[in-house]
Amino acid sequence: MNKHFEPRELVGAADRQVGVSRPHESAHLHVSGRAHYTDDIPETERTLHAALGLSPIAHGRIKSIDLETLRATPGVAAVLTAADIPGANDCGPVVHDDPIFAADTVQYVGQPVFAVVATSRNIARRVAAKAGQVLEIEPLEPVLGPREAVARESYILPPMHLTRGKPAEVLSTAQHRLKGSLSLGGQEQFYLEGQIAYAIPQDDGGIKIQCSTQHPSEMQMLASHVLGVPANRIQVECRRMGGGFGGKESQSGLHVCVVALAASKLKRPVKLRLDRDDDFMVTGRRHGFEYDYEVGFDDAGKILAAELTMISNCGFSTDLSGPVMTRAICHFDNAYWLPNVAIHGYTARTNTQSNTAFRGFGGPQGAFVIEAIMDRIARKLGLDPAAVRKANFYGRDSNNVTPYGQTVVDNVIHELTDELMKTSDYWSRREEINRFNAENPVLKRGISIAPCKFGISFNLTHLNQAGALVHVYTDGSIIVNHGGTEMGQGLNTKVAQIVAQELGVRFERVRPTATDTQKVANTSATAASTGADLNGKAAQDAARQIKKRLGAFAAQLYGGSPEDVVFDNDDVQVNGTLLGFEDLVAKAYISRIQLWSDGFYATPEIHWDRATMSGNPFYYYAYGAAISEVLIDTLTGESRLLRADVLHDAGRSLNPALDIGQIEGGFVQSMGWVTCEELVWHPGTGKLLTHAPSTYKIPTANDVPAQFTTRLFKNDNVKDSIFRSKAVGEPPMLLGFSVWLAIRDAICSVGGPDADPVLDAPCTPEAILMAVQSLKEPRQIGAA
Ligand code: MTE
Ligand code: LUZ
Ligand code: MOS
């Protein structure tokens, strides 16, 4: 099969595998319903099903549990409580304050107190639903709101402080000052596939767990602690998730621990799949934030000093609230130079679900408040908010150090926003909107830009590592396995592209496989948007080692130097000979060349000092901006996004189609958070009232604007990231702020030029209506 050729004809005719759009590796399975999620894995014989018995009370002391009543029901195999746990009753990822089953006290409505394990899911759920009848709990006073928690000094962690310069001094002398408070709600992850875990006992006392998780290694460690067995007894596997969005970074742990415990006790396979209402009631979500701030600025709207207090609503336990607050503090600057600044972070402990990672991981909460502040500064000075933002952007060579001491060396926010404002005709539309608003008393339009700068790397430095395995089989087909998990974002597609590129083979040769703790050990969560950065580099390392061995072998066979062997287009060119990749592989196998390899990567350069809140926590920054135009009805408070233009920096994109999908998805998810997704807990009982799609509204296809343009900003990463790409998963979560800002802009048109209504997020129709009313003349309010 060897063909002879002129080398120069083929070198450079590269069939590129990275940098090209290609569909998600499982897209055909997703759309035809054939993709296997955890619940699609065929159940082993004698599988039992678990359901959780939940606390009906926000805070109380458990007096007794009438387990006999529950156990008497036919079909019930066991009812498990804290007393049945051989190891630690804990599934906390950082601090051990997260009981699997409440033991002495219950700490929120919905906290699991026991698990019913039965022959069918229906029986288990029906029996578990009797929790309210079998639990005797002496009520204690709950702490229900974050402000109340601060008043009572109910904190998860000691307060965090970051100060640069002399904020108090500069504030006192600034030409202009603004003070305010703001509230930003939490957000339900609303993954389409709910929390699920399935445990199958193995013959040697080990347990295999298939589950929906962003963090298989953490699940392995948690199950090992709960059972009191070494980690090598536990195997965790996840082929894919139907979405995670941070909700399965730590909080898949509870479900894993319950099935591991039940399977090990009963020596039978056990599955736990929460229904949607229980998922809302049991698990936490994005932290809602409360803010108090004061800023001082000059006539151009340039911020001279800022002081900010942030309170995050953590719920009852620590979970990831520490690093979430740290990331919030490190994103208050967003894209802006803040010469003098003091930021205080309070992590409020409340008797609600324990809040956790959610796309952006506190970053969006940090940036939201500065965007609200920019808007208020502009209105106070009678300037356009876009101009005020530009006046405050980080400089290129000066005014480019973040409050935590990292120099911003890759700043493209000026060019990026200029380009977007031009391509989306910002200024002419601004005028058109002003005209429209002058002529229309009821319907009002608004427009706004929201910029984004987002730090890439886990802010816990040691998590920035990854491993991979690449196997080339003797027929030339390839498997890649890595520590990352697939949750719909397209990580497996990107990693397979990288392996194909590195080995110079067609994409179709490379098959990604389920994440498995027995293949790559000690992995980090697929989180902080670093999936492709870390695992892509690790897979590249593995592929390079194989290529090196194959290259040396080819040169040995055909002459020439190993460095000159070219792998391209499914062929290998060596010293004037062209042979197929699989031919070389077959020959290499016979010659006993190792055709598989591991690979490893650790992000260089980064460091962080938690005590001083300073360092270089991020390898680089990703940038973006969005311009949104909305229409509001000032009589009903309804709003609609008419048009959105997004320009986003994904570096040299690994796969533009996937990246645009991530950007559009993040934009819409962000918009939902700040507009329609409202969480309501009963003010007296602390029970979550918005506990299902019936009461909790995420955006639908109808909310996507008719005009929605998303483009990638041409910008190779200045750092040596994988093929100079940039992480893209979370940063777009800042872009939907433009919708909230545009709605505020539309509301302000009801008042005078200095209109400055109170508007929190989410801006539901009720919130919009109240803000509009506050701007109308008093007699109009009476007449309305
Ligand atoms: N996209 C889809 N479709 N589903 C998800 O669950 N999670 C987001 C983002 N995009 C998510 C998603 C979150 S929270 C993160 S951190 C990143 O994807 C994780 O994947 P990556 O690091 O491979 O980008
Ligand atoms: N830091 C971070 C983290 O920036 N993002 C994360 O998802 C995370 N998870 C755990 C600990 N630190
Ligand atoms: Mo994403 S919040 O880092 O899982």
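This is a predicted model: local features need pLDDT of at least 70, side-chain atom pairs count only at pLDDT 80 or more; totals for chains, interfaces and linings use all residues.
Contact here means heavy atoms within 4.5 Å of each other. Asparagine 655 touches Val20, Ser21, Arg22, Thr493 and Gln497, leaving aside residues up to four places away in sequence.

**Asparagine 655**

- You will find asparagine 655 in the loop that runs between strand S29 (639-648) and helix H19 (656-675).
- Asparagine 655 counts as buried because its relative accessibility is 0%, and the cut-off for buried is under 20%.
- Among the residues that asparagine 655 touches is Gln497, and here the two side chains make a polar contact at 3.2 Å.
- The other residues touched are Val20, Ser21 and Arg22, together with Thr493.

**Ligand 2**

- The residues surrounding ligand 2 include Leu320, Pro323, Phe361, Phe458, Leu460 and Leu463, as well as Ala527 and Ala528.
- Glu249, Arg327, Ser457 and Asn459 also belong to this shell.
- By class, the shell around ligand 2 holds eight nonpolar, two polar and two charged residues.
- The side chain of glutamate 249 has an N or O atom 2.4 Å from a nitrogen atom of ligand 2.
- For asparagine 459, an N or O atom of the side chain is 2.8 Å from a nitrogen atom of ligand 2.
- An oxygen atom of ligand 2 is also approached, with a polar side-chain atom of arginine 327 at 2.9 Å.

**Ligand 1**

- Which residues come nearest to ligand 1? They are Gly244, Phe245, Met487, Gly531 and Gln662, out of 18 residues around this ligand.
- The shell of ligand 1 divides into eleven polar, five nonpolar and two charged residues.
- Glycine 531 places a polar backbone atom 2.7 Å from an oxygen atom of ligand 1.
- Serine 529 also has a polar backbone atom facing an oxygen atom of ligand 1, at 3.4 Å.
- Arginine 359 takes part through its side chain, where a polar atom lies 3.4 Å from a nitrogen atom of ligand 1.

Methods:
Residues are numbered from 1 along each chain as its sequence is written. Chains are lettered from A and ligands numbered from 1 in the order in which they are written. Side-chain values use heavy atoms; hydrogens and water are left out. Helices (H or I, at least four residues) and strands (E, at least two) are DSSP runs, numbered from the N terminus. Buried means under 20% relative accessible area, exposed over 50%, partly exposed in between (1.4 Å probe, protein chains only). A polar contact is a pair of N or O atoms within 3.5 Å; within protein, one must be able to donate a hydrogen and the other to accept it, and residues adjacent in sequence count only if both atoms are side-chain atoms. A residue is near a molecule or strand if one of its heavy atoms lies within 4 Å of it. Ala, Val, Leu, Ile, Met, Phe, Trp, Tyr, Cys and Pro count as nonpolar, Asp, Glu, Lys and Arg as charged, and the others, Gly among them, as polar.
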